[in-house]
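Me: Hi! I'd like to go through this structure with you, a bit at a time. Could you take a look?

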Amino acid sequence: QVQVAESGGGLVQTGGSLRLSCAASGTIFSINSMGWYRQAPGKQRELVALITNAGTKYADSVKGRSTISRDSPKNMVFLQMNSLKPEDTAVYYCNVDGFRDSDYNTFDSWGQGTQVTVSS
């Protein structure tokens with residue numbers, strides 16, 4: 001079983017910055033991708049940023065303002081968000097997928113989420 005835990009959310013003013021952290025733990029053989037998603041009240045969950053061995057991907061709404069990075073030996077992923085806007089307010093979730101063992105049994109795990117609130 002793989003557990004995922006986020007941290008780093010909070011209340012920030014418009015134009016401010018936050019750095020979200022996510023750690024995956026448990027039975028992990030290898031990780032394919034680590035990503036950040038967000039869900040605002042009344043809206044569907046959406047991809048914010050994704051990092052794989054092939055590279056990174058960002059939602060258009062955060063491109064140029066956010067950077068996703070990874071500490072592979074520690075199974076951690078980070079999201080640096082700058083120039084925050086009120087529309088960035090949401091619960092941010094971390095997702096990790098990969099293989100649990102050398103037989104390539106897969107896992108796809110979500111964290112509980114961390115609240116980001118940007119005040120105007």
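This is a predicted model: local features need pLDDT of at least 70, side-chain atom pairs count only at pLDDT 80 or more; totals for chains, interfaces and linings use all residues.

**Chat about the model**

Me: Okay, which strand does Ser66 lie in?

Reply: Ser66 belongs to strand β7. Setting aside neighbours within four places in sequence, Ser66 is in contact with Tyr58, Leu79, Gln80 and Met81.

Me: And what does β7 pair with?

Reply: β7 runs antiparallel to strand β8 (residues 76–81), and six bridges join the two.

Me: Switching topic: how many disulfides turn up in the whole structure?

Reply: A search of the whole structure gives one disulfide. Cys22 and Cys94 form it, with their sulfur atoms 2.0 Å apart. This pair links distant parts of the chain, as Cys22 is in strand β3 (residues 18–26) and Cys94 in strand β9 (residues 90–99), 72 residues apart.

Me: Which hand does the link of Cys22 and Cys94 have?

Reply: The link is left-handed, with -80 degrees about the S-S bond.

Me: Are those two cysteines, Cys22 and Cys94, buried or exposed?

Reply: Both Cys22 and Cys94 are buried. Cys22 counts as buried because its relative accessible area is 0%.

Me: What does Cys22 touch?

Reply: Not counting residues up to four places away in sequence, Cys22 touches Val4, Ala5, Glu6, Trp36, Asn75, Met76, Val77, Cys94 and Val96. As for Gly111, Cys22 is 89 residues away from that residue in sequence and 8.2 Å away in space, C-alpha to C-alpha.

Me: Now the nonpolar core. Which residues of the largest one touch the most other members?

Reply: The largest nonpolar core has 29 residues, and those touching the most other members are Trp36, Ile68, Val77, Leu79, Met81, Tyr92 and Val96. The elements that contribute two or more residues to this core are β1, β3, β4 (30–39), β5 (46–52), β8, β9 and β11 (114–119). As a general point, nonpolar side chains tend to be buried together in soluble globular proteins.

Me: Let's pick Ile68 from that set. What does Ile68 touch?

Reply: Leaving out residues up to four places away in sequence, Ile68 touches Met34, Gly35, Trp36, Ala49, Leu50, Ile51, Thr56, Tyr58, Val77, Phe78 and Leu79.

Me: Back to β9 for a moment. How many of its residues are buried?

Reply: β9 is mostly covered, with nine of its 10 residues buried.

Me: Which strands does β9 pair with?

Reply: β9 pairs with β4 in the antiparallel sense over nine bridges, and there Ser30 has Phe99 in β9 as its bridge partner. β9 also pairs antiparallel with β11 over three bridges, where Ala90 stands opposite Val116. With β10, β9 forms an antiparallel pairing over five bridges, and Asn95 stands opposite Trp110.

Me: What sits between the strands in the hairpin of β9 and β10?

Reply: That hairpin has six residues between its strands, and Tyr104 takes a positive phi near 65 degrees there.

Me: Last topic, rings. How many aromatic pairs are there?

Reply: The count comes to three aromatic pairs. One of them is Phe29 with Tyr104, an edge-to-face pair at 6.2 Å centre to centre with 90 degrees between the planes. This pair links distant parts of the chain: Phe29 is in the loop between β3 and β4, Tyr104 in the loop between β9 and β10 (106–110), and they are 75 residues apart.

Me: Which residues make up the cluster of ring pairs?

Reply: Ring pairs link Phe29, Phe99 and Tyr104 into a cluster.

Me: And why does Tyr104 count as exposed?

Reply: Tyr104 counts as exposed because its relative accessibility is 51%, and the cut-off is over 50%. Phe29, at a relative accessible area of 45%, is partly exposed.

Definitions and conventions
Residues are numbered from 1 along each chain as its sequence is written. Side-chain values use heavy atoms; hydrogens and water are left out. A disulfide is a pair of cysteine sulfur atoms within 2.5 Å. Helices (H or I, at least four residues) and strands (E, at least two) are DSSP runs, numbered from the N terminus. Buried means under 20% relative accessible area, exposed over 50%, partly exposed in between (1.4 Å probe, protein chains only). Contact means heavy atoms within 4.5 Å. Two strands pair if DSSP finds at least two bridges between them. A nonpolar core is a set of buried Ala, Val, Leu, Ile, Met, Phe, Trp, Tyr and Cys residues joined through side-chain atoms within 4.5 Å. Rings of Phe, Tyr and Trp (its six-membered ring) pair if their centres lie within 6.5 Å; planes under 30 degrees apart count as stacked, over 60 as edge-to-face and the rest as tilted.
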